[in-house]
Amino acid sequence: MLVWDLLGGQQAPPFSAVLSCVLEEGGRVGRHVQQACPEIVIGLAGHGEVRVDGVSRPFGPGAVVHLPLGHSLEIVNESTEAPLRYLIVKAEPA
């Protein structure tokens, strides 16, 4: 998995990070719980699946996933031929 910090360390309140992510063919981001910052995950290219709190749904271009604090996320690239590209926007808790 490749990740770029698009803010490059700049301050942009209330956002703490904007990350451009590329998940390799057949790749997976294991289940993790949001503990510090809520986030929005936006699909850009490719075909995959997200699981929020264990509930699966398709993920690809135009898909938007809201992940509040305390909720879990998994991401799977279902393609064996193309990467899954997405953005993660993190915000400071209110």
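Apart from its neighbours within four places in sequence, Gln34 is in contact (heavy atoms within 4.5 Å) with Glu39, Leu67, Pro68, Leu69, Gly70, His71 and Lys90. The model is predicted, so local features need pLDDT of at least 70 and side-chain atom pairs count only at pLDDT 80 or more, while totals for chains, interfaces and linings use all residues. Residues are numbered from 1 along each chain as its sequence is written, and side-chain values use heavy atoms, with hydrogens and water left out.

Gln34 belongs to the loop between strand 3 (28–33) and strand 4 (39–45); strands are DSSP runs of E with at least two residues, numbered from the N terminus. Gln34 has a relative accessible area of 5% and is therefore buried, a term for values under 20% with a 1.4 Å probe and protein chains only.

One aromatic pair is found in a search of the whole structure; rings of Phe, Tyr and Trp (its six-membered ring) pair if their centres lie within 6.5 Å, and planes over 60 degrees apart count as edge-to-face. The ring centres of Phe59 and Tyr86 are 6.0 Å apart and the planes are at 75°, so this pair is edge-to-face. Because Phe59 lies in strand 6 (residues 55–59) and Tyr86 in strand 9 (residues 84–91), the pair ties together parts 27 residues apart in sequence. Both Phe59 and Tyr86 are buried.

Five strands form an open sheet in the order 1-2-9-4-7, with antiparallel pairing; two strands pair if DSSP finds at least two bridges between them. Strand 1 (2–5) and strand 7 (64–67) stand at the edges with a single partner strand each, so one side of each has no neighbour in the sheet.

Conventions:
Helix = DSSP H or I, 4+ residues; strand = E, 2+ residues; numbered from the N terminus. Buried < 20%, exposed > 50% of the residue type's maximum accessible area, 1.4 Å probe, protein only. Phe/Tyr/Trp six-rings, centres within 6.5 Å; stacked < 30°, edge-to-face > 60°.
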